[in-house]
Amino acid sequence: MVVLYVRGCCGESLPCSTRGASVLCASTCAQMAGCVSRVELAVSCQSLLDRDLGSRSDPLCVLLQEVGGGQWAELDRTERIKNCQNPEFCKKLIVDYYFEKVQKLKFGVYDIDNKSFDLNDDDYLGGIECTLGQVVSSSLFTRPLELKQGKPAGKGTITISAEEIKDSRIVYLEIEAQNLDKKDFLGKSDPFLEFYKQSDAGTWQLVYRSEVIKNNLNPCWRKFSVPLQTFCGGDFNKPIKVQCSDHDSDGSHDLIGAFETTLAQLQQAGDGSPVEFECIHPEKKQKKKSYKNSGILRVKSCKIETEYSFLDYVMGGCQINFTVGVDFTGSNGDPKSPDSLHYISPDGVNEYLIAIWSVGSVVQDYDTDKLFPAFGFGAQVPPSWQVSHEFALNFNPSNPYCQGIQGIVDAYRHILPQIRLYGPTNFSPIINHVARFAAHSAQQGTASQYFILLIITDGEITDLDQTRQAIVDASKLPMSIIIVGVGAADFRAMEFLDGDSGVLKSLSGEPAARDIVQFVPFRQFQSAPREALSQVVLAEVPKQLVSYYKWRGWPPGRLPEAKSV
């Protein structure tokens, strides 16, 4: 079972008092939005077949997605353009994008000569099949149209470009207060802030709640951020209500004061010139003629910055480099025996091969040359029969690259009878190997290369301390590590490396800069569809990639060159 935990935005546990407003935690919204991206696809065609007598074709493009079992479901369709063999469709095709899935798409172009929604009675002008990963990783994705597999639709071509639908801007605020009213009988006040945006219906919707600062009438809250879409719906003049209240543990928080503003006014803060607002308590103002305010709220800084997404980096030309490490230690068992984890069944598979196919089939769409280095570890290799923890599956150490995922599979099958399974199970050599390439890429100072290492193993790790250090070092590099455990061994050490229960530290106590390891036991997916494994092990990669480039302060690069046949 995979459980998604979403943490709220409050710095402390704070009883929720909505006062009739609908509560929306800002960080929760941001995390939920990161679960899936919506992509719009722009489609154009060239040199379409002419099926109409006396005029040109009236094309329309329909988008379908494979839903399993060879079945296709329509997602969207463009408008119909009359009398055009080179259409550029205005209507964009919308599709949800998941990095961890292979999303097979089919684009079909039809000549529409009636008002019926059904396309079965319309002339087919050609189509293509591809994956969404291929499209989003290309600047322009151009392919020849086919009437059926291997039969070209004349000289017709289709070109597709992708753009993520989002407002990626984030509002960053620094706020303090002065001379707030004292609300507690035996102390001062425990102030916290709440920000509300006004809905179209005129109601107030909570978009952010700060931490509580205990016993302080001149508090300075932590710098915080809220997605612009959440904060004001992207409208800089939308009313924003700010409330400052005294926190009470029973939830009966006392209002200190409030005011209304807009993001446009908040933006005037900065460069050492804060914007000040009076906190007004309505009842006090009504009762006392001498009442001025209940304190001053000072906005020290208000900045709007772009929060880049995974797709921003991929569409900006970032290549994802995939490397495989296979465990050939003796605990796997004799490959000739049906009991061995390396035994290839009569249908040509084992758990190692399934893991390679599942993960590699997704990642390969994000690498232009489709050349993947593949290594083994823990075996005695010819001709010296010394134990190696980093040998090329193709026996070519100077060129360990395999052509595509099938190339890795072929190399694995070829090498299996030529080596002797031995031990121990050392991860650090292959992690350090990939890290050297990632470090060289990082020296360029651009978001151009990211590395994914897939390690498939059957058991307990031997060099745990060295591996911990290797992972901590790699956490500072553009790199993620996926570990798939095959067989029924005890994988507690792998779960420790995953870091989900806390920040992984080296033996010397140095913490990892970020979480880059994802461990999954294969046995949890033995009865599940093959794509389920890739969806789980790759689900964290987009977040890990973005977190690295954000940490380094590197924006996406230029769009890559157009890929075409």
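Predicted model: local features only at pLDDT ≥ 70, side-chain atom pairs only at ≥ 80, totals over all residues.
Helices and strands are taken here as DSSP runs, numbered from the N terminus. Beyond its neighbours within four places in sequence, I419 is in contact with F328, A379, Q380, V381, P382, W385, F391 and F395. P383 is 36 residues away from I419 along the chain, and the C-alpha atoms of the two are separated by 9.7 Å.

Attention now turns to helix α7. With 13 residues, α7 reaches 18 Å from its first C-alpha to its last, close to the 18 Å expected at 1.5 Å a residue. Eleven of these 13 residues are buried, so α7 is largely enclosed by the rest of the structure. The buried set consists of E351, Y352, L353, I354, A355, I356, S358, V359, G360, V362 and V363.

The pairing with α12 can be followed in detail. Helix α7 (residues 351–363) packs against helix α12 (residues 530–537) at an angle of about 60°, and their axes are 9 Å apart. That angle makes α7 oblique to α12. The crossing of the two helices is right-handed. On the α7 side, I354, A355, S358, V359 and V362 take part, meeting R530, L533, S534 and V537 of α12. By class, this contact has six nonpolar residues, two polar and one charged.

Notes:
Residues numbered from 1 in each chain as written. Heavy atoms only, no water. Axes fitted to C-alpha atoms, helices over the stretch in contact; angles between N-to-C directions. Helix = DSSP H or I, 4+ residues; strand = E, 2+ residues; numbered from the N terminus. Parallel < 35°, antiparallel > 145°, perpendicular 65-115°, else oblique. Left-handed = near helix turned anticlockwise from the far one by under 90°. Contact = heavy atoms within 4.5 Å. Nonpolar A, V, L, I, M, F, W, Y, C, P; charged D, E, K, R; others polar. Expected span 1.5 Å × (residues − 1). Buried < 20%, exposed > 50% of the residue type's maximum accessible area, 1.4 Å probe, protein only.
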